[in-house]
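I opened my notebook to look up a few geometric features here. The entries follow in the order in which I checked them.

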Amino acid sequence: MIDAIALLKELISIPSVNPMGQPVIPEIHLEHRVTDFLESEVRDLGVEYRRIEVLPGRDNLLAWYRAPQSDFTVLLDAHQDTVPVETMVIPPFEPRLAEGKLYGRGSCDVKSGVASMFAAFARLVAEKPKHSCNVLMAFTVDEEYTHRGSSALAGMDHGCGLGIVAEPTRMNLIVSHKGAVRWKIHAGGRACHSSTPHLGDNAIYRMARVLEALAEFACSLAGAPADEMLGAPSLSVGRITGGQSVNIVPDDCSIEIDRRLIPGETVEGAIDQVRQFLKQRLSPGDFDKIRFGEPWVRMPALRSEISRSFWDKLQKGLAGPEGHVPEIGGVPYGTDAGPLAQAGLPCVVFGPGDIAQAHTEDEWIEAVQVTDAADRYFRLLADWHR
Ligand SMILES: [Zn+2]
């Protein structure tokens, strides 16, 4: 049987940092080293698998467990990438177990999920339980930035009837989360010497007017119809750049916008709403000189429609020791379940660890949760048809 803790330690020691749009540092960035490791583990199990390139050096790895008799397939999804490590105060790739906590980048988000799902998968392969369902185990790439791995998986004809996505949910069942769209707005102008500003057209001043309108729009969103689990949608401007030098009237300025979506909203709809609002609020001269960039994050919100029969199975199968029954709820952060559910697959998010420790400077997970999660995934899938 695979020891999920030992596996997690190995995974932490193999860097698979998501470059998040920054220049690639070959030693630590991209998922291919972890994919190589997982591929050799999967090959050792002797199951059918596929390694599919999503981006250069970034492959989804898919492996299939065929149950003795089942016509139903559950997708297990866990991402291979981690967030960057620059701000960490512990060695990111040296797993350390102390007082029941396992430290290292990815220990919580979400190499713990990779390890516990893989341990359950390997046990199914070894034991072939009579009442088990089929399982497609998917290790995806680029969850932390643009969800390209899960989007590629969502576009495949995978034949699954339910998806379980690993994220640190403290073993609760998450059926709903916000989505996000991020894009730039550029304001143009005309440059000239700063001693004769009347001859130019200041792009930073123009952007100031855009920002004033956006602040008003963000306020109005807070009062927009809210989702019962997730609250209201939101908009935030997080970055601004512009101008070349203090003695030049600037001819360009750009901002980066983060818009959080609630179920029912679409990426295109949210961007168009901003465009229409600015069109109303700005003068035609200003509106004509702004330009919307292509969004680089377009993650749909999650609201999974889960049938009653699945609920009973999930709550019973994923119940823990001492009678812990997973609670059903929503979370503010996005997951791979967004793109998968948008493509029509009912999805829940369930995994070991607490999101409070994800992405932190001393990321850790309570080690006992990793083996507990492996047991729960196994029991759910082993008893699927019981
Ligand atoms: Zn994650």
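This is a predicted model: local features need pLDDT of at least 70, side-chain atom pairs count only at pLDDT 80 or more; totals for chains, interfaces and linings use all residues.

I started with valine 110, which is found in the loop between β5 (101–103) and α3 (111–127). For element names I used DSSP runs numbered from the N terminus, with helices as H or I of at least four residues and strands as E of at least two. Aspartate 109 and valine 110 are joined by a cis peptide bond, with omega about -10°.

Next I looked at aspartate 142, in the loop between β6 (134–140) and α4 (148–154). Phi of aspartate 142 is near 60°, a positive value in a residue other than glycine.

Residues are numbered from 1 along each chain as its sequence is written, and side-chain values use heavy atoms, with hydrogens and water left out.

**Domains**

I took the domain bounds from an automatic or database domain assignment. The protein is divided into domain 1 (4–177 + 301–382) and domain 2 (179–299). I found their C-alpha centres 36 Å apart.

How many residues are in contact between the two domains? I got 15 residues of domain 1 against 12 of domain 2, with contact meaning heavy atoms within 4.5 Å. The two domains bury about 970 Å² between them, 65% of it on carbon and sulfur atoms. In domain 1, Tyr145, Ala301 and Arg303 lose the most area to domain 2, together 49% of what that side buries. Buried area here is the accessible area (1.4 Å probe) that two parts lose on being put together, summed over both.

**Salt bridges**

My rule was a side-chain nitrogen of Lys or Arg within 4 Å of a carboxyl oxygen of Asp or Glu. Between domain 1 and domain 2 I counted one salt bridge. I also noted that the side chains of aspartate 227 and arginine 303 meet in a salt bridge at 3.0 Å, N to O.

By this rule the count comes to 26 salt bridges. One that I looked up joins the side chains of arginine 58 and glutamate 31 at 2.8 Å, N to O. Arginine 58 lies in strand β2 (residues 58–65) and glutamate 31 in the loop between α1 (4–13) and α2 (32–45), so the pair ties together parts that are 27 residues apart in sequence.

**Pocket and cavity**

I worked on a 1 Å grid over the protein atoms alone: a cavity is a set of points where a 1.4 Å probe fits but cannot get out, a pocket is an open set with protein on both sides within 12 Å along at least five of seven lines, and lining residues have an atom within 4 Å of a point. Points are joined across faces, edges and corners, and a volume is the space filled by probe spheres set on them.

The largest pocket has a volume of about 370 Å³. Which residues lie nearest its centre? They are Glu143, Glu144, Arg182, Gly334 and His359, out of 18 lining residues. The pocket lining draws at least three residues from each of domain 1 and domain 2.

Searching the whole structure, I found one cavity of 30 Å³ or more. The lining of the largest cavity is Lys184, Arg239, Ile240, Thr241, Ser254, Ile255 and Glu256. β11 (234–242) and β13 (252–261) each supply at least two residues of this lining.
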